[in-house]
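Student: Please take a close look at the ligand site in this model. What surrounds the ligand, and which polar contacts does the protein make with it?

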Amino acid sequence: MKPDITTRDQLISRAARAARDYLSGVDDRAVFPSENAIAGLDALGPDISEHGRDDEQVLDLLIERGGPATVAQGGGRYFGFVNGGVLPVALAARIVADAWDQNAAMGVMSPVAAKTEALAQDWLVDLLGLPKGCVAGFVSGTSTATLAGLLAARGALLARLGWDVNARGLFGAPPLRVVTGAQCHGTVLKAIAMAGIGTDGVTFAPVDDNGAIRAETLPPLDANTIVISQAGHVVTGAFDPVGAICRAAKTAGSWVHVDGAFGLWAAASRRFAHLTDGLELADSWSADAHKTLNLPYDSGIVFCRDPQALTGALHNSGSYIVLGTGARDGMLTTPEMSRRARGIEIWAALAHLGRSGVAALVDQLHDRACQFAQGLEAAGFTVLNRVNFNQVAVACDTDQATNATLSRLQQSGEAWASGAVWAGREVIRISVCSWATTPDDVERTIATMITARSPRG
Ligand SMILES: *Cc1c(COP(=O)(O)O)cnc(C)c1O
């Protein structure tokens, strides 16, 4: 079943054309697909065929039935979760890199993967003001990055207590404890569970009305403790006071990990220096390039101050494995071995934006969020959070009205946001996280929300 070269060329051209056509119309399509479009997905199944089918037919079927059932995240009016948009240069680099199909596990496998990851690491450490010598692991997302950070923390703290966790495991090990904010992300608890530390023993530090840890009420810390600080809460955008947390942790000999999935990027803009002050004092950090930096999905990063701690937790070897050739061996800092060359599109985005471009992107998201907050307040909505970054949590007069408004907004096709509960109230949470969102998109969405609140008025 080897496709001939002509077929391959036709397939790739067809795919490139479909990608281009899709994006050129993405702002005109319904932001969430219609029920009809979703029903059209039935054509993709249900059973695997006995003898397969022509590859061009397969691609056409995917484009015809899959495309209409997409969520139009590439446009300017998708505000759900914290999903981010895609910079054209990053997407283009990804398309080329996918054709290259490089494996970033070992330097010997792909010089270009190794070089772009090495540059991406250096540039990001510089851009975010992290300590020199800090290493990065290019993983699938923040969930994995936080797990990797905790594995480094676990190994390093236990080693200091005289316990080799790789060899001896956790049974019988000195107990470790985690302190995190009462408003930590669900993936933090998942990582704590996966790392074998267990969520029962977590101490939740009290938080302020925006969801940030209050430094003055931080529980006592010691050398058995991992503190997980948050840079950017998913509903409010709140940042824990990371500098104060790190200073307390240093004195006590604790490890600090920062979950900065979308908020770590604030460190790239001077305007948000007050939010990330002291960030560089932590021991490990996680961030998503597929959020604020607007890369395609599957792009998380773990940073670790102590390279030995991260590689010590994640190393692996074998007689056929070739490491230390001089080029970067990506597998030493990730839980995965084989994986795609994630550094390529990070390199492309950073090479294109430069330092000021990244700052401008972050600033723009904040400006649009402020535009949302002001416009919605003026229209009689209540904004329940302090809009310090890119998140806006907004409510109508009653929970019932908020939920009805959200559901009509989601059905409008004009824009899409998701909901949450904040301060005991149902909220519509607006996450401005795409470069493609213009002031006009914000105005249009506010108008849609006003109509959705009182559809007959
Ligand atoms: C999105 C998010 C995560 C999870 O990131 P994934 O890339 O989806 O794994 C963790 N923490 C925060 C604060 C987030 O916003």
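Tutor: A nitrogen atom of the ligand is 2.8 Å from an N or O atom in the side chain of D259; a polar contact here is a pair of N or O atoms within 3.5 Å. The protein buries 84% of the 380 Å² that the ligand exposes when taken alone, with accessible areas from the Shrake-Rupley method and a 1.4 Å probe. This is a predicted model, in which local features need pLDDT of at least 70 and side-chain atom pairs count only at pLDDT 80 or more, while totals for chains, interfaces and linings use all residues. Residues are numbered from 1 along each chain as its sequence is written, and side-chain values use heavy atoms, with hydrogens and water left out.

Oxygen atoms of the ligand also take part. One lies 2.6 Å from an N or O atom in the side chain of S143.

In total, 13 residues surround the ligand, each with a heavy atom within 4 Å of it. S143 and D259 are among the closest, together with D288, H290 and K291. By type, the shell holds 3 nonpolar, 7 polar and 3 charged residues; Ala, Val, Leu, Ile, Met, Phe, Trp, Tyr, Cys and Pro count as nonpolar, Asp, Glu, Lys and Arg as charged, and the others, Gly among them, as polar.

Technical notes
Polar contact = N/O pair within 3.5 Å; in protein donor to acceptor, adjacent residues only side chain to side chain.
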